[in-house]
Amino acid sequence: MPRPTAAQLAYGSCTVIFSTLAMLLLSRTTSGLGIVVIALVALALGLLVAMTVPMPKARTAEPAGARTARVQTRVRARAHREPVTAGVEPVRGPTAS
């Protein structure tokens, strides 16, 4: 089983905290059983949110031939470049006034 990412932990924790506060304020419960039920529902909701956050995609290994072809393409592209020469302008002498 993969480890949860920082984003999953953050989203899940925020969901638990905010949903607990919202449900406690909206229900105005004062009994211990009501508070426990709200806390368990908030934990379940936080777990659901944390598990549905998209996981980063694992990098797949690139076939050896693909990397070699890509490098060869770059080398060929550099070899076919034409050198750029700076334009030389004639030096103008002082003008007679």
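Begin by selecting Thr15, which, leaving aside its neighbours within four places in sequence, is in contact (heavy atoms within 4.5 Å) with Thr20, Leu45, Gly46 and Val49. Thr15 lies in helix H1, where helices are DSSP runs of H or I with at least four residues, strands are runs of E with at least two, and both are numbered from the N terminus. With a relative accessible area of 16%, Thr15 is buried; buried means under 20% relative accessible area, exposed over 50%, and partly exposed in between, using a 1.4 Å probe and protein chains only.

Before going on, note that this is a predicted model, in which local features need pLDDT of at least 70 and side-chain atom pairs count only at pLDDT 80 or more, while totals for chains, interfaces and linings use all residues. Residues are numbered from 1 along each chain as its sequence is written, and side-chain values use heavy atoms, with hydrogens and water left out.

Next, zoom out to the whole chain, which has three helices and zero strands and follows the pattern α-α-α along the sequence. Of its 97 residues, 11% count as buried, and the accessible surface, computed by the Shrake-Rupley method with a 1.4 Å probe, comes to about 8800 Å², of which 66% belongs to carbon and sulfur atoms.

Now select H1, residues 6-27, a helix of 22 residues that reaches 31 Å from its first C-alpha to its last, close to the 32 Å expected at 1.5 Å a residue, the expected span being 1.5 Å times one less than the number of residues. Within H1, colour Gln8, Gly12, Thr15, Ser19 and Thr20, which are buried. They cover an arc of only 120 degrees around the axis, which puts them on the same side of H1, the arc being that of the directions from the helix axis to the C-beta atoms.

Turn the view to the face of H1 directed away from its buried side, where the exposed residues Ala6, Phe18 and Leu25 are carried. Then select Ile17, Phe18 and Leu21, which make a nonpolar surface patch of about 330 Å². Leu21 is partly exposed, with a relative accessible area of 47%.

Finally, move to Arg28, which follows H1 and has a positive phi, near 50 degrees.

Methods:
Patches are made of residues with over 30% relative accessible area and no salt bridge: like charges are joined within 9 Å, nonpolar side chains (Val, Leu, Ile, Met, Phe, Trp, Tyr) within 5 Å. A salt bridge is a side-chain nitrogen of Lys or Arg within 4 Å of a carboxyl oxygen of Asp or Glu.
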